[in-house]
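Colleague: I have a new chain open on my screen. Can you walk me through it?

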Amino acid sequence: MSDRRGFLKRSGLALAAGAAGAAAGTSGCATAAAPVVSTGRLADVPKAKGPRLVVVGGGTSGLTIAKYAKKEFPRFDVVLVEKRDMYSSCFTSNLWYAGLITLENLANHSFLDAAVNNHYTYFNATVTGLDRAGKTVVTSEGDIKYDYLVIAPGISYDYDKIGVTDVETRTALREVYPGGFISPTEHVTLHRKIREFEGGVFIQTVPSGNYRCLPAPYERACLIASLIKHNKIKGKVIILDANPEVTIKAEGFHAAFDQLYKGVLEYRPGVAVKGVDVAKRTIESDFDSYQFDDAAIYPNVRASTLIEQLGLMAPSTKSNQKEANIDTRFYNIIGDTSVYVTGDSRPHPYSKSANTSNTEAHYVAKVLAARAQGKEIAWSTPETICYSVVNAFPMEAISVKAHYVYDAGKDAITGFSPDTQVFNNRDAAKGKATIEWANGLYRDMFNA
Ligand SMILES: Cc1cc2nc3c(=O)[nH]c(=O)nc-3n(C[C@H](O)[C@H](O)[C@H](O)COP(=O)(O)OP(=O)(O)OC[C@H]3O[C@@H](n4cnc5c(N)ncnc54)[C@H](O)[C@@H]3O)c2cc1C
């Protein structure tokens, strides 16, 4: 079933677009660069044998660009700098909580194999500074010279926006009630909490803004409710949603809430978190106080703090999520065609999701290959494909497939293209397709 108009109307993406400033590439200065503290030594990577492309961040975006830039222009000498030494996927982590996939499915992917299979160098280090004049990126393990630099560091949490401004509460929330939208260790903690939940109220919050993976908090709530129902636990999930309505696939999620989870899932729209009392286990909103036994508190998101640290942040008039100051079509920092920012740190009103980052990365690899040969290519849209599993017994999903429109007059992404489709009818075929989709993405990032 295709329901594009309903999707556009209900989707928070449209709201997020306004907030983020759809004109990602409009003029304006990036923030002042932080002082660069060089390590004073070169990193232990082989000497470049062609134009050096350094890619920072081995997530969906960075892994795809490292592989495909090399394929598009084999003369590139590519180095992928990633701070983690083990890959584990964010996408489909909700399925692991419900026992629908194993941890191995999320984590059995090697940075080393990806690099060997695709003829680039994986360098395990954390980027800490950038000298754009000297075309040098500073890492915890030494400096690396570049001809082209792509920075794809993902997101950071913004607890200030949910009224948590003191470091003690922020730390307690990160440790005890993690959002589960960034690091593998959060996923392990959430997995334990969900599997050990013995009853009472489990709260899942949904932030405002263009947060990472719009449907994922609703999907997670459905899967927790599915476990509660299946295991006959005396408890329920409450979704506290800062938005006035489910931000995406609303019809499909509401059908699941009403038809599958009456009595075990409550949906409360328009409840923005304004503070959390960790000791008392209460969440404060403008009007009410909500008691919980356990929770996954998903704060607002912003671009990775690395973007700000490197002085690449757009002015607040262009992005209220501290995203990068890049050209709308070509992703380079305004005024600098050697540095690019991609993935969830971009300011575009795209869905912050894996399929978007992956298809965008295919395109940016072509941009880089063309520019290294003195050419330009035409803009092409990323593709957002996103499955949400709403039932674990049996495994059933809903999905969406979207493309975007670029308006040259405004130099902005202005909305969804007419072929956008939402598939709100849950079924087992889409449940199976969810896993096939994720496996396809792993193959695209890690295999030759
Ligand atoms: C629970 C959950 C469910 C999701 N479900 C879906 C889904 O069903 N469908 C979908 O399409 N998407 C889904 N997503 C979203 C998807 O995972 C992300 O949007 C996507 O991975 C973003 O890619 P990225 O490359 O921008 O960021 P990431 O994948 O986060 O990668 C960023 C990388 O940069 C590295 N890095 C950061 N700072 C530094 C530094 N200073 N030095 C070196 N390395 C650094 C990080 O370690 C990380 O590996 C989900 C996410 C979560 C958490």
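Modeller: A definition to begin with: the expected span of a helix is 1.5 Å times one less than its number of residues. Also keep in mind that this is a predicted model.

Colleague: Fine. What span should helix H9 have, and how far apart are its end C-alpha atoms?

Modeller: H9 covers residues 216-230, which is 15 residues, so at 1.5 Å a residue it should span 21 Å. Its end C-alpha atoms are 21 Å apart, which agrees.

Colleague: Is H9 mostly covered or mostly open?

Modeller: Mostly covered, with 13 of its 15 residues buried.

Colleague: What follows H9?

Modeller: Lys-232 follows, and its phi is positive, near 50°. Lys-232 has that positive phi although it is not a glycine. Lys-232 sits in the loop between H9 and strand E10, which runs 235-241.

Colleague: Buried or exposed, that Lys-232?

Modeller: Exposed. The cut-off for exposed is over 50% relative accessible area, and Lys-232 has 73% relative accessibility, so Lys-232 counts as exposed.

Colleague: Which other residue has a positive phi without being a glycine?

Modeller: Thr-92 is one, with a phi of about 65°. Thr-92 is in the loop between strand E2 (77-82) and helix H4 (93-97). Buried means under 20%, so Thr-92, at 11% relative accessibility, counts as buried.

Colleague: Let me zoom out. How many helices and strands does the chain have?

Modeller: There are 13 helices and 23 strands in the chain. The radius of gyration is 21 Å, close to the 22 Å that the globule rule gives for 448 residues, so the chain is as compact as a globular protein of that length.

Colleague: And what does the C-alpha trace span along its principal axes?

Modeller: About 60 × 45 × 40 Å.

Colleague: How much of the chain is buried?

Modeller: Of the 448 residues, 59% count as buried. The chain exposes about 17400 Å², and carbon and sulfur atoms supply 52% of that area.

Colleague: What share of the contacts comes from residues 24 or more positions apart?

Modeller: If you take the contacts with a separation of 6 or more, residues 24 or more positions apart account for 71% of them.

Colleague: Give me an example of residues that are apart in sequence. What about Val-116 and Asn-447?

Modeller: They are 331 residues apart in sequence, and their C-alpha atoms are 9.3 Å apart in space. Val-116 lies in helix H6, residues 111-117. With 64% relative accessibility, Val-116 counts as exposed.

Colleague: Another one, please. Where is Gly-57?

Modeller: Gly-57 is in the loop between strand E1 (52-56) and helix H3 (60-72). Gly-57 has 9% relative accessibility, so Gly-57 counts as buried.

Colleague: What does Gly-57 touch?

Modeller: Leaving out residues up to four places away in sequence, Gly-57 touches Gly-62, Leu-63, Leu-80, Val-81, Glu-82 and Ala-152.

Colleague: New topic: the bond from Phe-393 to Pro-394. Is it cis or trans?

Modeller: That peptide bond is cis, with omega near 0°. Pro-394 is in the loop between strand E19 (384-392) and strand E20 (395-402).

Colleague: Last one. How far apart are the mean positions of the positive and negative charges?

Modeller: They are 3 Å apart, for 50 positive and 47 negative charges in the chain.

Terms used: Residues are numbered from 1 along each chain as its sequence is written. This is a predicted model: local features need pLDDT of at least 70, side-chain atom pairs count only at pLDDT 80 or more; totals for chains, interfaces and linings use all residues. Side-chain values use heavy atoms; hydrogens and water are left out. Helices (H or I, at least four residues) and strands (E, at least two) are DSSP runs, numbered from the N terminus. The radius of gyration is taken over C-alpha atoms; the globule rule is 2.2 Å times the number of residues to the power 0.38. Buried means under 20% relative accessible area, exposed over 50%, partly exposed in between (1.4 Å probe, protein chains only). Contact means heavy atoms within 4.5 Å. Accessible areas come from the Shrake-Rupley method with a 1.4 Å probe; for residues, only the protein chains shown count as cover. Lys and Arg count as positive and Asp and Glu as negative; His and the chain ends are not counted. The place of a charge is taken as NZ of Lys, CZ of Arg, CG of Asp or CD of Glu.
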